[in-house]
Amino acid sequence: FGVPSSGPGYRATAADANFLRDNRESYNIGWDTQGCQGAPYGQTPWPAEDQVPGFRAACEKYAEILCRKSRQLRRGFAQALELQDDYFDAPGLFDRGPWLLGMVHYHATASDPEGGRFGIAPHQDDGIFTLLHTDGAPGLQVCPAWTGSGVHREDAMKDPNLEWVDVDMLEGHWVVNLGTLLSRWSNGFFKATLHRVVLGDAAGDRYSVPFFYEANLDAQISCLQGCEAWRDGLPPPLPDTTPGDLMLELAHRDGLGLVAGPAAE
């Protein structure tokens, strides 16, 4: 099966079913699913080598670096939870994680939050975390005070009374946005980052490269040891699940019908 507006490939402006009014376009590459049975994300539709020489090799090299950094970062999360450093290295958790590396172009169009027009609308990423690099142009904002339901999108995220803080890009650093799956896994110990992109009247084109780090689709997600007492807008503790089941649950909640085949455009 495939979930619309997920997985590798190009998505034009207004072609993302989850963000129909956003002023952006994107191209995503994903982990190599060659020989992997039932991988819903499918394989990356790469441009021909003679059209963009060296593009695939550069992307795969960068993805390799990001995967290595993500493994280091998840060990930091284990330490923060007072678990063994290698807790998340266990087989079945991240050895088949369907990560995505995105390349996003925000058009030079002013946002209108009151009218529901954004570079990208308020949301939380639905995986473990996102490593984000940008061209340094302003626009990214976070809402530190958000204490919502723990899902990736809901109407309350567009409440005009929410306070948003600009995020400055530090050269040589990634911005790290935590995802809803990490929040659920830790029962709210780690809070998913509510964020958006709002472009000003004088904004030019803006570019960013997000890397979405995910657990295996069939990884067993139970409340982590020591997190049973933590709350952050989540009921205590939520039922056991898998990332794949959550993907289907959220797709149905958003009214996105599943499509046959290995990938969704």
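User: What relative accessible area does D218 have?

Analyst: This is a predicted model, where local features need pLDDT of at least 70, side-chain atom pairs count only at pLDDT 80 or more, and totals for chains, interfaces and linings use all residues. Residues are numbered from 1 along each chain as its sequence is written, and side-chain values use heavy atoms, leaving out hydrogens and water. Buried means under 20% relative accessible area, exposed means over 50%, and partly exposed lies in between (1.4 Å probe, protein chains only). D218 is partly exposed, and its relative accessible area is 41%.

User: How many residues apart in sequence are the parts that R96 and D218 tie together?

Analyst: The side chains of R96 and D218 meet in a salt bridge of 3.1 Å, N to O, a term for a side-chain nitrogen of Lys or Arg within 4 Å of a carboxyl oxygen of Asp or Glu. R96 lies in the loop between helix 1 (55–80) and strand 3 (100–106). Helices (H or I, at least four residues) and strands (E, at least two) are DSSP runs, numbered from the N terminus. D218 lies in the loop between strand 10 (206–213) and helix 3 (243–253), so the distance in sequence between the tied parts is 122 residues.

User: Which residues do salt bridges that share partners join into one network?

Analyst: The side chain of D89 meets that of R74 at 2.8 Å, N to O. D89 also forms a salt bridge with R75, with the closest N and O atoms 2.5 Å apart. Joined into one network are R74, R75 and D89.

User: Is R74 buried or exposed?

Analyst: R74 sits in helix 1, 15 residues from its partner D89 in the loop between helix 1 and strand 3. D89 is partly exposed because its relative accessibility is 30%. R75 is partly exposed at 36%. R74 has a relative accessible area of 8%, so R74 counts as buried.

User: How far does helix 1 reach from its first C-alpha to its last?

Analyst: Helix 1 has 26 residues.

User: Which residue with positive phi follows helix 1?

Analyst: The residue after the helix has a phi near 60 degrees. That residue is E82.

User: What covers the buried residues of helix 1?

Analyst: The buried residues of helix 1 are C59, A63, L66, C67, S70, R74, F77 and A78. Contact means heavy atoms within 4.5 Å. The cover includes strand 2 (24–30), strand 3, strand 5 (129–134), strand 8 (175–178), helix 2 (180–185) and strand 10.

User: In what order do the strands form the open sheet?

Analyst: The sheet has 6 strands with antiparallel pairing, where two strands pair if DSSP finds at least two bridges between them. Strand 1 (9–11) and strand 8 are the edge strands, each pairing on one side only. The order is 1-2-3-10-5-8.

User: What angle does the direction of helix 1 make with that of strand 5?

Analyst: Axes are lines fitted to C-alpha atoms, for helices over the stretch in contact, and angles run from 0 to 180 degrees between N-to-C directions. Strand 5 pairs with strand 10 over 6 bridges in the antiparallel sense, and T134 has S208 as its bridge partner in strand 10. Helix 1 packs on the sheet, and its direction to that of strand 5 makes about 130 degrees.

User: How many residues of strand 2 are buried?

Analyst: Strand 2 pairs antiparallel with strand 1 over 3 bridges and with strand 3 over 7 bridges. Y10 has Y27 of strand 2 as its bridge partner, and E25 stands opposite H105 in strand 3. Strand 2 is mostly covered, with a buried count of 6 of 7.

User: At what relative accessibility does N177 count as buried?

Analyst: N177 lies in strand 8. Leaving aside residues up to four places away in sequence, N177 touches D125, F129, T130, L132, T193 and H195. N177 counts as buried because its relative accessibility is 3%.

User: Over which residues does pLDDT stay under 50?

Analyst: pLDDT is the predictor's confidence in each residue, from 0 to 100. The chain averages 86, and 85% of the residues score at least 70. Where pLDDT is low, the predicted coordinates should not be read in detail. The stretch under 50 is residues 259–265.

How values were computed. Expected span 1.5 Å × (residues − 1).
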